[in-house]
Structures are given as structure tokens and as C-alpha cells.
Amino acid sequence: MKKLSFLLILFVTAFFAQAQIASNIYWVQFTDKANSPYSIDNPEEFLSQRALERRARLNIEIDEYDIPVNPQYLQAVADCGAQLLNPSKWLNGVSVYTTSQSVVDAINALEFVEVVRNCPNYPEAQRDKEIWMENELKASGNPVMSRGYYGGAETQVYQLRVNELHDMGYDGTGVHIAVLDGGFVGTPDHVCFDAMRNEGRLLGVRDFVYGSETVYSQSTHGTSCLSTMAAYDPNNMVGTAPKASYYLFHTEDGNGENIVEEYNWVSGAELADSLGVDICSTSLGYIDFDMPQWDHHFPDYDGHTAPMTIGAEIAASRGIICTNSAGNEGGGTCTLGIPADAEHIITVGAVDDQGDRASFSSVGPTYDGRIKPDVMAMGQGTYVASGYSGWMPYYNGDGTSFSNPVLAGAVACLRQARPNASVQEICDALRAAGNNANNPNNYNGYGIPDFVAALGMLDVAEVSADDNGIVSVFPNPSKGNVNVTLKDGYDRANMTVYDNIGRIIINTVNTNELEAALNNLSSGVYTVNVVSENGSQTIKVVLTK
């Protein structure tokens, strides 16, 4: 993997003992990016060629968020005596380590520092996160025996119809996925990752917690999550994106529950962006912390308050598809874990092998009234690889941590098939393709997405008044208020609307009637067949209401 020189500035990392990182961590918030040596006119200094190509393909401009933290500010903080941990250009700050109050006071006195936030860890609040992860990593029944090519993963793959995308040649090839998690113990040794390693599709690793050179410690959680996508062990386990390429980032500290972990994640997402990653898969969520003043309460779930939510929204605006676990807090009112409240990501809840919602799956709504989760995937009885493959190579586990990567791998196949689709278009297609799209709610979201249907929706090109044809349907795809007009030179046409199984919805020669009929239809893909004396036209219309 080509190393980028700007990473030396973006991700200054100190090497320190595990005991040290458990306390005395601070977030330093800067006021601006003034006098930066970087410019949006020279993005190649801080973004890789692959990242720039993604921006160009999706028509995303370089802006101030992309400018790295001012290195002079970082040096000034270091000169005060603090150890620099992880800078964040999107949040414009840096996490630091120090045991000295005088150092904190000196940093606070810098004219370009807005605030210094104390973020120490204590063990009490970590209990809930440990329960969450331990329950997910427990076998929830006897492992499913081999049932064919996908092995024990067959049900979770077939449930999304992603196997049919694989049959079309869409298996994640060429798509880069960053997995941000709490550790990847056992990943280097498990047979299901042999193909990924041997084919050079493990692109890199990064530890944002300890600054070490490995991510293969602390937890097997990331290993199990990774397997639902990357596994390629035919007749035992094949994941939803078996030919994608992967980065593994360690951002979750298993020894405490610290808001700095949200900042770690944002730094990880920034690195993913700079490397040109297409998808960020995250099976983490934050609610309560060791310091109660940082706890997230219902008003924080508005899509733009929590640090990790802000980072997820910025990542999406860079063209990255972010998928995130809803959480395992069950029903109620907004039991989500941050950043599941973010508007422009896909929040994934859990269902069982029959498609029924798992009782532990967290629910919305967000504080501003949006439906969450967005979609569902198999997270109860999910077939996953174990980090301890010597005595239990595979098992069935429970948790939205597993439903999320199952879904993320399928999204990789969709991204491969439609590289020019925007993040919003893909998110809209997944919601519209859900089996609950006609009646979405805060328990099941839009339901289990049919990825073949989603692919069909993304096939539809928007029709404008300048396009050739008899009839113009605009906007398309549409969330409502479709406009239908006859093109110049046509006085009359016979127009018939069919649903996705070929039933006639309406047949008319009146564009107003056609317009009204389309506006009254539920979400889905419809075909409009137009016939006039001078020719015919077929239009696919996508409604995402």
C-alpha cells in the first residue's frame, strides 16, 4: 500500500502503555484553520488519488472540512508538554494525553484553542458495553452445518438476495471497506480470511486507541463482524462481500467507556476517506460514559450533536456509505446508540432467520422525529467466524453488530454494480426496496431490503425535459409530486402503468390522470409504457416515499 506523506501530520500517534490511556485524556478544540499550509486548490497533498477519483465520480467538491488540522497548532500543543494522539480535521481538534494540570492550563491559554475537554476513563460505565459485546460473542445455539456454497451463512445471504448479485458478478470486487471496531483477535489465523490475505485484499490496519502497530488484540468482536462480509471458505462460510478489499481500524477501547472513542472513530473515518474507501462498517454505539456529563440523552439524538454523528454525516457528504448497528437496547423510545441517529447513514436493526425483529434490536425515533433503524438484516442466530478458530471456528451469534456488516457487505456489491450512484440514491433505494417500505416504523424501519430490487431502482436514470422521448416524467426517482408532460410535437399518447409483477395500474391518454396515479402509488418500481402514432417509449419510475 502506498504511504501518503500527509498521514504523518494527520495522524500523529504516541506510543504509550495501556494503563496510561485509561485516564488523563483530553480533547483540544481549535477555533479555526487559519494560516494553514494546505489549500483546497491542492487536494493531492492530503487526499489520495483514489479519494480524488471518488469525489470526481460523485461530483463532490473539496471544501474546508478536507483541510487538515493546522500543523502549527498541533506543534504548539505538543510544545506545552502534551502527547498528541489523534487529530481530527473534520472536528478541527486533537486528542492528547497529559497528567499535568499545568500543561492543560498552558494549552487553554493558546489563542487558537476554544476549549479543552477532560475525558478520563473509569471502569463503571464500561460494564454495559462489555455486556453488549459479550452477549454478541456468545454462541446462541449449535452452529449451522454446511448447506452448500455459503455454508452456515446461507440464510443471512439469501435473506437479502445478495447471492443473486454474486451470480451477476457483483461480489464486492474493487470496493474498499473500512471496518471500525474494538479489535480483531484471530483474524490473521482464520482460514475464512485466507483468500483476503493471499489476494492482497487486506489493505492495511490502524490502531487509534493505543497507537500500536497491530489491531489484533483486545477483542474478537471485529473478527466476527468482518467475517460476515469477507469470509471465503466455500461450503463452510462465504460472506456478503467475499471479494471486497478491507482496512481494519481499532477505535473502541475495551477497557473503558470514554467519549474520546467517538473522536477516535472520526479520525478513523477521516483516514478511510483520505484513502478512498467506499464504505465504513461500524458495529459500535455510544450512550453512557464513565463521566456522566458526556452521557447522550434524547435531545442529543438529532443527527448533528454527538461527535461521532457529526463525523458520520461528514463522511457521507464525502461520498462514503456508512452503515452502523442500531444497538442492542431493545424497545422503547430511542434506544439507539450514537451515531445511529445520523440522517445520511444506514442504521441497521436485527431480525432472525424468519425475518422477525429480534427483541433486543434498538429502536427510534430520533429526537427530530426521523424513523430509525433504516433497514434490517439477520442479527439473531447470525453465522460468524470466531477469533479462537482453534477450538470453535464458527458459531451463531446475536446482535445488531452482526446484522450491520451482513448488510454492509451487500451494499459493497451494490456499489460495485453502480459506482456512480450517490450515497443518497443508494440509501433511498435500500429503504424503498425494504419489505416494510409501505409502512415504515421505528421498530423495523423500512424492513429487510431486497438487493435485486434495489439494483433495479438504481438502473433508472433521471428523465429531464430535454431527454428524447414522448413523455417526460420528472423527478425520477421521486419522493412524491411527479410531473408528467408530453414532449413538443406530440398531441396524444396512450400511457399504461404496470407494477413490478406486471399488473396494470392505470391506462390513460391524459397526462394529468397519469400524474395523479403515480403520485398516489406507494414506494416501488413501476413501468410506464407509452405509445403514440410516431413511436413508443418505456420508462421505469422509482418512487421512494
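Modeller: Start with handedness. A crossover is right-handed if, with the strands pointing away from the viewer, the path from the first strand over the helix to the second runs clockwise. Bear in mind that this is a predicted model.

Biologist: What makes a right-handed β-α-β unit here?

Modeller: Strand E10 (residues 279-282), helix H12 (residues 307-317) and strand E11 (residues 321-325) make the unit. Its crossover is right-handed, so the path from E10 over H12 to E11 runs clockwise in that view.

Biologist: How do you know that E10 and E11 pair?

Modeller: Pairing needs at least two bridges. Four bridges join E10 to E11, so they pair. The two strands run parallel.

Biologist: Why is E11 called largely enclosed?

Modeller: Buried means under 20% relative accessible area. Five of the five residues of E11 are buried, so the rest of the structure largely encloses the strand. Both faces are covered. Ile 321, Thr 323 and Ser 325 lie on one side, Cys 322 and Asn 324 on the other.

Biologist: What makes the span of helix H11 (residues 260-274) close to the expected one?

Modeller: H11 has 15 residues and reaches 21 Å from its first C-alpha to its last. At 1.5 Å a residue, 21 Å is expected. H11 is also mostly covered, with 15 of its 15 residues buried. Gly 276 follows H11, with a positive phi near 85°.

Conventions: Residues are numbered from 1 along each chain as its sequence is written. This is a predicted model: local features need pLDDT of at least 70, side-chain atom pairs count only at pLDDT 80 or more; totals for chains, interfaces and linings use all residues. Side-chain values use heavy atoms; hydrogens and water are left out. The expected span of a helix is 1.5 Å times one less than its number of residues. Buried means under 20% relative accessible area, exposed over 50%, partly exposed in between (1.4 Å probe, protein chains only).
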